[in-house]
Amino acid sequence: MEILVCVKRVPDTAENEIEVNKDGSDIERDDLVYSVNEWDNYAVEEAIQIRDKVGGSVTVVSVGGEEAEEIIRREMAMGADKGIHLSDQAFEESDGKGLVRILQAAIEKGSYDLILTGVQADDGAGQVGGMLAAMLDWPFASLVNHIEVINDRTIKVGREIAGGNQEMNEIDLPCVLSIQTGINEPRYVGIRGIRKVASVEIPVFGASDIGLSPDLVGKSGAKISRVDYFVPDLGEGAEILEGDTGEILEKLIEILKSKGGIK
Amino acid sequence: MAACQRVRGKERATDMGTALISPAEASFFGIPTVIFSVFILIFGIGIFTYLIIRRIAPLLNAAADPRLDRIMDRAKNTVRIAIFQYRQPRYLFAGILHILIFAGFVIISLRSITLVMLGIFEGFSLPGFEGTLGNIYDLFKDLAGTIVFGSCIIAAIRRGFFQPERYSVPPKYGKGHTGEAILVLFMISGLMVSDGIFEGSFIAAQIQKGFGIEIPIPGTITGIAAMIFIKTPLSSLQNIHLVAYFSHELIFFFFLCFLPLGKHFHVITSLPNVFLMKLNKGTVKPVKWGVAEEELETSESFGVKKFEDFTWKHMLDFYSCADCGRCSDHCPATAVGRPLSPRFISIKCRDYAFDKYPLFGASIKERDLIGHILEEDEIWSCTTCGACEEECPLMIEYIDKIVDVRRGLVDVGIVPQSLQKPLGALEKRGNPYGKMERKRADWAKDLMAANAVKILKKDVKADTLYFVDSITSYDDRIQAIGQAAVRVLCGAGVDFGILGPAEKDSGHEVKRFGEEMLFLQLRDQNIASIRGSGVKNIITADPHAFNALKNDYNGIPPVEHISQVMKRHIASEKIHLKPIEDSRAVYTYHDPCYLGRHNGVYDASREVMDAIAGIKRVEMVKCRDRSFCCGGGGLMLFYEPIEETRMGRLRVEMAKEAGATVIVTACPFCMVNIEDAIKTTGMEGKMEVIDLVELVDRHMIV
Amino acid sequence: MALQIFSYILHKGGGLDDSALELVTAAHEIDPDASVTALVIGSGTDLDSVCNEVASSYQNVWKIDNRDLSYANGEVIRGLLSRILPKGNIVLVPNEHFGMDLAPGLSVKLDAAYLPDAVSFEGIEGGKLKAIREEYSGMVSTHVRCDISTGAVITVRAGAFKADESKGETGEVVDKTTEALTGGLPGGARRFIEIVEAEVGDVDITKSETLVSVGRGIEDEDNIEIIRDLAEAMGADVSCSRPIVDAKWLEKSRQVGTSGQTVRPKVYMALGISGSFQHLGGIKGAPFMIAINKNVKAPIFQVSDIGVVADILDFVPELTDKIKEMKG
């Protein structure tokens with residue numbers, strides 16, 4: 001099965017406090033470290049596991065400047081067979097749909113049976129998978145937490161829905177799936193693994209290479225634009241209890257009692 | 001004491017004659033029994049040689065392991081540990097039994113050779129043992145034989161009837177080995193008894209016939225046999241004499257060939273195994289001997305993935321395991337119900353070696369180690385505390401093997417999810433918490449403002465470096481230890497600085513969890529920073545950093561743990577301590593694994609504590625080199641093991657049992673684990689834990 | 001031409017999902033003058049009850065009624081909607097499991113802009129809709145402009161808008177079934193098989209009145225004991241956020257959130273929980289919320305009623321002791 005996984009380079013938000021920069025034009029990026037979007041990493045692991053079971057190959061693709069290359073390489077160190085780097089000045093400031101048009105153009109140059117994306121990335125949009133499927137006119141399922149290959153034309157997928165339940169579907173290939181975290185246990189990629197793929201070639205394609213007209217992407221093709229970043233006033237928010245621990249405990253218990261929280 | 005006097009050599013036959021015909025001269029239904037003697041000898045030696053050759057086979061396929069350096073040290077170790085059985089008395093009763101049996105064996109070894117020869121050459125005796133020396137030897141030999149026999153009987157009863165817990169084999173690891181143990185004890189007993197009857201029957205016959213003065217030591221087997229046989233007709237004695245002899249020979253060669261078949265292989269491999277033991281404690285073996293660090297990047301494979309990836313010495317270790325269970329008895333992972341029991345790593349690998357390189361027949365199919373012989377969780381559960389290695393009387397190594405297997409797992413990406421995030425953070429941020437590098441020295445902000453500590457830079461120098469390491473830099477609670485350390489060092493007048501944001505995690509656990517490349521990266525960055533700072537010595541309050549800087553790193557100034565520094569400064573009166581604040585508290589010191597066991601520093605902390613006037617200090621039963629690991633440090637704090645309880649909880653119970661109300665530790669990870677345990681065992685208010693540096697800080701007169 | 005806004009109505013067993021009335025408010029915030037139409041898809045009497053109920057909140061109700069639509073399948077519904085929805089208008093979809101399946105592709109089929117996870121609107125200016133989104137797990141917000149000249153599909157964050165309970169409308173129910181099904185049932189490449197239910201735990205937190213909920217701030221599986229102690233002292237049940245379940249420290253049935261259980265307690269204690277919207281999305285009915293977190297900037301403090309800035313590992317055992325003391 002030929003599998004393509006779309007990956008994105010995002011800031012590591014785990015311990016880092018994301019802050020807005022001085023003029024609100026972006027987040028403060030000075031001290032940030034980046035890695036592959038967590039959801040995308042689960043998707044790559046899933047793709048590798050499927051390939052190991054049924055054969056085929058796994059390609060990872062990323063849209064971005066020079067920096068995107070390290071992410072593609074890391075996923076190749078993990079086990080992906082090929083990488084594709086889509087980079088062009090014309091791609092900058094694309095909105096979600098523009099990004100998807102770029103991916104679509106690249107996908108149509110190849111021949112894939114299954115395309116995986118992560119459910120969402122740092123901007124919380126969760127749009128790439130769904131849009132891509134509609135543009136390619138392929139079936140789609142989001143929040144996938146289970147994949148079972150039935151034959152080379154059909155797969156069974158489980159979707160995560162409310163209440164911890166799982167919705168089981170059968171989907172015809174080719175299709176697009178967005179992958180939820182927890183679907184598997186991604187393998188570790190050590191420094192040695194990354195060094196091993198350090199000199200592997202990753203082709204870079206621009207707008208003309210994939211036959212994409214620049215006015216469909218970038219700023220001109222975007223319908224959504226970001227005006228600024230800000231941190232909203234905490235506003236009313238919670239009433240923070242003050243005092244020493246003893247005083248706070250007393251106040252808290254009074255409140256709990258009055259609201260019926262202590263039986 | 002009467003001696004059994006026997007006349008040796010050809011004198012016997014010509015001078016006095018013997019009452020019985022020796023096995024070399026006898027015949028059995030017309031066949032000279034010497035033929036049996038020769039046959040047994042050739043067959044026995046032949047089979048034994050074959051077995052040894054088969055057993056050596058896997059070692060020829062194994063990885064290299066240079067073990068012939070420092071020959072003098074090795075010789076000394078062999079004498080102390082293998083010959084004088086230095087570790088045996090750690091389990092006193094079993095230890096004494098083993099020492100007696102071992103010593104007896106050594107003494108009787110000459111007799112065994114003599115006996116073999118006696119079956120072929122009439123009246124044989126070893127060169128130099130013909131006269132008085134021979135007689136005196138026989139004295140010792142008879143005593144030894146009897147003591148060995150007695151010890152074997154006691155040992156057999158102990159194993160068979162009392163069945164001490166540490167020998168038991170949980171069902172998942174197979175069947176028990178008590179049967180084999182008792183069989184061997186009976187064989188040894190058989191050897192002693194048959195020799196005793198062989199001698200005793202001869203003496204009885206000699207006495208009956210009035211040949212020579214034969215006075216055996218009463219109470220020895222020989223003596224008792226002689227007494228029993230004193231009236232037995234000579235013809236019967238002749239048969240008894242020959243039967244005893246051939247029984248001895250058959251048992252002897254059977255025993256010899258039995259040794260390489262199981263845990264008693266250690267009888268043969270123990271001396272070489274101790275001679276070849278690991279000399280440099282504290283550090284981990286290189287990824288592959290003979291492969292330079294620069295070549296690691298491109299080397300085909302990393303770590304141990306299949307059995308032959310182990311070094312030949314590791315394989316010899318597997319062979320040498322006596323299945324005594326002392327290691328697992330002290331393993332904290334075993335104690336809390338993790339799927340790790342060091343003893344069974346040795347036994348399972350040994351059994352695999354036996355199956356893959358069988359004595360006869362076809363070998364089994366090759367299997368990956370992980371998933372078939374060893375389990376992932378088994379390998380990740382180890383805290384590398386070293387308790388197993390400290391107990392083993394055969395000096396079997398465990399940490400190097402486990403780290404090697406971890407290297408193999410890391411190489412193929414099999415790392416527990418809980419460890420992947422901290423490893424990624426270490427790579428990107430130089431600390432496992434993922435916190436920003438530039439905030440690494442924030443814990444010292446106030447102290448820096450008060451000029452108590454400085455960050456070493458091009459224009460800011462000091463004699464001494466205080467290496468803080470990650471947990472003390474970033475953990476809310478542990479920062480207090482760093483701050484106390486700064487105050488103590490200031491109070492002692494030490495001119496020191498810290499590396500600040502230029503400091504990276506020491507990488508101690510990174511190395512021991514198998515991510516060697518990341519460790520090298522961290523190490524090289526730290527070495528560059530340390531050398532660049534121009535300091536002449538290093539102090540740290542973190543035993544893991546201490547061990548890393550001292551044993552894993554090279555080319556940096558000498559390192560001390562702060563307990564050693566404080567001891568010195570207290571002794572030289574640079575630090576003055578006021579009397580104990582809380583005179584009702586009972587203090588106990590918990591030896592951190594990487595300060596105590598791995599680096600032999602036990603007394604510094606104790607002396608520091610005792611320097612506080614009026615302090616009440618008790619020792620836990622498991623202290624010093626038997627200290628019980630708190631749960632592990634570094635990356636181990638992130639690992640989520642399968643276990644029944646926490647090591648920290650057991651340790652807090654131990655402190656309670658010792659009558660303590662305050663645990664003093666000298667390691668930030670011990671602090672975290674023990675503090676957690678106090679909370680979760682509901683002992684808050686009844687048990688406290690404090691770091692040694694904090695204790696001194698509290699009592700220091702400035 | 002006045003802007004037409006369509007709201008996709010989520011419903012189950014004849015009852016409305018909370019989002020149904022929240023979308024009314026959202027629509028009015030986009031354009032108070034727009035005509036708002038409810039899209040109700042399903043089958044049978046359940047569908048009819050839903051239509052009747054939304055009719056009092058929406059000016060129009062379009063329904064598609066077919067036996068094969070009793071379980072909502074995003075692929076199918078996208079196909080149906082793209083047949084009946086006039087282009088150039090705004091479609092509002094709740095941002096949850098179904099919405100994530102339906103909406104992005106729908107925006108492509110309608111040639112409309114796609115604005116995901118909007119939490120607030122600030123009106124329309126020069127053909128562009130002004131909205132507010134969050135990024136980086138809610139750590140920062142952004143003002144965005146969405147070009148709605150060719151229409152827009154917008155997913156709306158659950159709970160970001162207050163439900164509009166005014167019920168002042170008398171919506172006309174229009175049956176769009178025939179139009180939608182012309183050409184057969186679309187989306188056949190994906191076929192629904194079944195729902196696999198989560199294992200039922202020993203406690204059904206959806207019925208609990210008081211919940212003591214624990215998040216990552218608990219740091220260690222062992223510490224969960226202090227949460228249990230507090231819950232016991234309070235007579236409450238223990239629940240948690242997703243990371244706790246991912247780490248397997250508590251069963252899935254205890255998870256509160258969009259991918260876990262939806263709870264409606266009277267009192268909710270959020271201990272060491274940062275307050276991601278996925279977690280908050282599982283809390284309905286506006287309970288009295290008390291948050292304890294050592295990070296004063298944690299988003300939870302924006303939505304809770306009372307806050308205590310403290311390390312739960314220290315604070316909670318003391319709270320438990322005081323409660324036990326009080327109870328005597």
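Which residue in strand 18 of chain C does Glu239(A) stand opposite?

Analyst: This is a predicted model, in which local features need pLDDT of at least 70 and side-chain atom pairs count only at pLDDT 80 or more, while totals for chains, interfaces and linings use all residues. Residues are numbered from 1 along each chain as its sequence is written, and chains are lettered from A and ligands numbered from 1 in the order in which they are written.

Glu239(A) stands opposite Ile306(C). The two strands involved, strand 13 of chain A and strand 18 (residues 306-309) of chain C, pair in the parallel sense over two bridges; pairing requires at least two DSSP bridges. Helices (H or I, at least four residues) and strands (E, at least two) are DSSP runs, numbered from the N terminus.

The pairing belongs to an interface in which 65 residues of chain A are in contact with 67 residues of chain C, contact being C-beta atoms, placed from the backbone, within 7 Å. On the chain A side, the elements that give two or more residues include strand 13 (239-240), helix 7 (245-258), strand 12 (224-230) and helix 3 (96-109). That side divides into 32 nonpolar, 20 polar and 13 charged residues (nonpolar: Ala, Val, Leu, Ile, Met, Phe, Trp, Tyr, Cys and Pro; charged: Asp, Glu, Lys and Arg; polar: the others, Gly among them).

In chain C, helix 10 covers residues 312-327. Its 16 residues reach 22 Å from first C-alpha to last, close to the 22 Å expected, the expected span being 1.5 Å times one less than the number of residues. Ile312(C), Leu313(C), Phe315(C), Val316(C), Leu319(C), Thr320(C) and Ile323(C) of this helix are buried (20 or more other C-beta atoms within 10 Å of the residue's own). Seen down the axis of helix 10 of chain C, these buried residues fall within an arc of 165°, so they line one face of the helix; the arc is that of the directions from the helix axis to the C-beta atoms. An α-helix has 3.6 residues a turn, so residues three or four places apart point the same way.

What do the buried residues of helix 10 of chain C pack against? Their partners are helix 7 of chain A together with helix 6 (224-234), strand 16 (267-271), strand 17 (288-293) and strand 18 of chain C. Just after helix 10 of chain C comes Gly328(C), with a positive phi of about 80°.

Note on methods:
Two residues are in contact if their C-beta atoms, placed from the backbone, lie within 7 Å. A residue is buried if 20 or more other C-beta atoms lie within 10 Å of its own, exposed if 12 or fewer, and partly exposed in between; C-beta atoms are placed from the backbone.
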